[in-house]
Amino acid sequence: MQTLNTTTVDSAASQTDAPFLELKDVSKVYPTPTGSYTVLEQVELSVKKGEFICLIGHSGCGKSTLLNMISGFTEPTTGIVNLESNPIVEPGPDRMVVFQNYALLPWKSAYDNVFLAVETVFPDLSVAEQKAVTDEHIEMVGLTEAADKRPNELSGGMKQRVSIARALAIRPKVLILDEPFGALDPSTREELQDELLEIWRDHNITILMITHDIDEALYLADRVVMMTNGPAATIGEIVDVGFARPRDRARMMENPRYYELRNGALDFLYRRHAHEE
C-alpha cells in the first residue's frame, strides 16, 4: 500500500506553491462536566487547489468536526485553518456544504431552493441573471423537468442533486460533502458519483468529502485521508490513489493495485485502528 505521512505531503506541497487550503497544528477541545474532551489533536493537512480529498474513519473520529472548522461553523481550539493563506473564522459562500439529509426547504420547489441561494449570495445581479444562474445549475444536475417539484415529491437521488446544484450555484471555492450518498441505493449512488466527478472536472473545484465507503473513496479521490480513532483523533495515513483520470470503475477494480490500496485501507481501519468494544 502506498501511503504518505502528513509531513511528507505538506513538504511536497510547500515546495511547489502555497497550499490552497491548510490546517496547521489544529486541535479541537470541548469542555464537559467531567473535564476537557479532545476531539482532534495536532491535525496537519495541506490541500492543493482542485484536489479531490476523501476523509475516512470510524464514527467519533472527528471527521465532521474537521469539516465544520473548514466550513467556519466552529473554530479550532488551537492551530489555524487557512484558505488561500487567510484564516477561516466564520462561514462564507466560498465554502459550501452538502449534507446527507439534503437540508432543503420543504415548502419550496427544487428551483426555488437553488434560486434562494443565488439571490442571497448575489443580490447585485438582476433577477434575470439570478434566474439564468439557477437554470444553468438545475440543468447541470439533470433536474429541469422536475424543477417545480417540492422535496417531498423527489427521490433521494433527486434531492441530493438539488443540494449539489444549490451549493455549486453560488460558485464556491471549496465544496464540502458530508456523506452525501450514504442514504442512497447502490445504483443511484454510483450514478451520482459519476455526475459529481463530471462537475468537479468541469468546474475545477476543490472537494473535501466524508465517506465510510472505501470503494467510493478510492474511485473519487486524488488522496484518501484516514483518521485514527477518537478521542484525540488525528490523521493516521494519507493514501495517494494515483489512478489516471477519467476513471473507469470496472477497469480500476480489475487492477491489482486497486486491491492493494483497498486492503491497506481495510487493514488500517479494522486491524490497526479497529474500534474497541
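The structure examined here is a predicted model, in which local features need pLDDT of at least 70 and side-chain atom pairs count only at pLDDT 80 or more, whereas totals for chains, interfaces and linings use all residues. Residues are numbered from 1 along each chain as its sequence is written, and side-chain values use heavy atoms, with hydrogens and water left out.

Strands are DSSP runs of type E with at least two residues, numbered from the N terminus. Strand β10, spanning residues 223–227, is mostly covered, since 5 of its 5 residues are buried. In a regular strand the side chains alternate between the two faces of the sheet. On one side of β10 lie Arg223, Val225 and Met227, and on the other Val224 and Met226, and both faces are covered.

Two strands are taken to pair if DSSP finds at least two bridges between them. Strand β4 (residues 52–56) runs parallel to β10 and is joined to it by 4 bridges, with Ile56 standing opposite Met226 of β10. Strand β11 (residues 235–240) pairs with β10 in the antiparallel sense over 5 bridges, and Val239 in β11 is the bridge partner of Val224.

A disulfide is defined as a pair of cysteine sulfur atoms within 2.5 Å, and a search of the whole structure finds 0 of them. Cys54 is in no disulfide, as the nearest cysteine sulfur, that of Cys61, is 13 Å away, a separation too far for a bond. Cys54 is buried, with a relative accessible area of 0%, and Cys61 also counts as buried, at 1% relative accessibility.

Notes
Buried means under 20% relative accessible area, exposed over 50%, partly exposed in between (1.4 Å probe, protein chains only).
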